[in-house]
Amino acid sequence: MVNHKAHQAAADDRVMFGFWVYLMTDLLVFSVLFAVYAVLHGNTVGGDAGRDLFSLPLALQETILLLTSSFTCGLGLLAARSYKKWQTLICFGITFLLGALFLSLEMKEFTEFIREGQTLQLNAFLSSFFVLVGTHGLHITSGLLWMAITMAYILKRGLNAPLVRKLALLSLFWHFLDIVWIFIFTIVYLGAYS
Amino acid sequence: MSTIAPHDENEQKTVSSYVVGFILSLIFTFTPYLLVVNHYISGRALLITILTFAMAQLLVQVIFFLHLGRGANARWNVYFFVGTFIAMLIVVVGSVVIISNLHNNATTLDQTRKIIDSEGIYQVSGELTGACQGRHTNHQIVIKAGKSSPILTIAAKCDTLTFVNKDAVDGQIMFGTRTKQTTYAGLDKLAVRKDHTKTISLSETGTFKFYDSLRPVVSGSFAVVDDK
């Protein structure tokens, strides 16, 4: 039995490391997009620059939402490790709501830009902006989907070791997205006003 | 990385780690935000300050949220993280340095003109470039109810000219006429959104016409004379 547990822990560590490797390569993807944005953000061809477009209060709201969701996600993982089903579901439920709210604010910002004619095709600045922030938004969307499915499993089957492991990976992913967003907030939104 | 198995004795410690991380992250978010909104500092100093806060927050979240370095086989996670971070710095810093060098040293005449004006480079190897040193009088062209006033602005070289759009529609100022477009000091167009302003430096002398490419009824001209 002890032997079995040790085996399981070693397997868990391997899965964790594998997922960590994926996250680091994803970080490289984002760093390339950041480099592109840093290079192209001044190329507006006479159009509006970041400081004419971005709303800082909106970006701050998004940051606080994502930060809080990262926090509740961590609490949810702790509850899951102690096999507290409902506490886990509540924490991840709040995380999901905050994430969805974040995504809706981002969509609102994007649709406003597009309605004002500030589209992806207009200039290099907007292309790099939409691709960088949009890629992060896509990650958030897939994270939300993953979260919803895992929560449905927990609701149906209760918590078990494989599900706790899934939640551990999911929370790694979610914290990672929060860290990427901090750099988007700093470089794209705050940086536009410096 | 903490392992997945439950360990109750550590739980209280981990909850407090999340709380500390959350509070520190909030501080590191609000401080740069307030610095930017209240214009306490600006330019390069501001950029460096907010990037420092972002790096601090990165460290906080890696330590207090991701718990990197905790657990049995955490060493490899840390190595991989550090390696990726170095690769990331090479890609980002390398791209920015190389491209900004290219941008400044190998670029079109229009672009050079713009860089010379925006950075106030008034002489190169002892030759005057025509860029302005310091700013002088500001002139305004107000666009209201589809009309721009005054119709003709006369300014001295190195003065500044501000387009003020008081209409409820966006404008895009182009230079020249609709059939024959020109550029002014390297600029070909200037977006002036509703209730916004745009200011240009008058470093090129001569008489210039402008019009709004979105609303051709808006047009006018300005003359820049050498004050020497």
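## A tour of chains A and B

Start at B:Leu190, which counts as partly exposed because it has 19 C-beta neighbours inside 10 Å. (A residue is buried with 20 or more other C-beta atoms within 10 Å of its own, exposed with 12 or fewer, and partly exposed in between; C-beta atoms are placed from the backbone.) Note that this is a predicted model, where local features need pLDDT of at least 70, side-chain atom pairs count only at pLDDT 80 or more, and totals for chains, interfaces and linings use all residues. Residues are numbered from 1 along each chain as its sequence is written, while chains are lettered from A and ligands numbered from 1 in the order in which they are written.

**Stop 1: around B:Leu190.** Select strand β9 of chain B, residues 189-192; B:Leu190 lies in it. Leaving aside neighbours within four places in sequence, they are A:Gly46, B:Phe163, B:Ile173, B:Lys198 and B:Ile200. (Contact means C-beta atoms, placed from the backbone, within 7 Å.) Next pick B:Leu47. Its C-alpha atom is 26 Å from that of B:Leu190, and 143 residues separate the two along the chain.

**Stop 2: the domains of chain B.** Colour residues 8-105 as domain 1 and 138-225 as domain 2. These bounds come from an automatic or database domain assignment. Taken over C-alpha atoms, the centres of the two domains of chain B are 43 Å apart.

**Stop 3: chain A as a whole.** Switch to chain A. It has 6 helices and 0 strands. Its C-alpha trace spans about 70 × 30 × 25 Å along the principal axes. Of its 194 residues, 41% count as buried. Take the chain A contacts between residues at least 6 apart in sequence: 82% join residues at least 24 apart.

**Stop 4: a helix pair.** Select α5(A), residues 124-157, and α6(A), residues 161-190. Their axes come within 10 Å and cross at roughly 160 degrees. That makes α5(A) roughly antiparallel to α6(A). (Axes are lines fitted to C-alpha atoms, for helices over the stretch in contact, and angles run from 0 to 180 degrees between N-to-C directions. Over 145 degrees counts as roughly antiparallel.) Show side chains here. Among the α5(A) residues that meet α6(A) are A:Phe129, A:Trp146 and A:Tyr153. On the α6(A) side, the contact includes A:Lys166, A:Phe173 and A:Trp181.

Definitions and conventions:
Helix = DSSP H or I, 4+ residues; strand = E, 2+ residues; numbered from the N terminus. Parallel < 35°, antiparallel > 145°, perpendicular 65-115°, else oblique. Contact = placed C-beta atoms within 7 Å.
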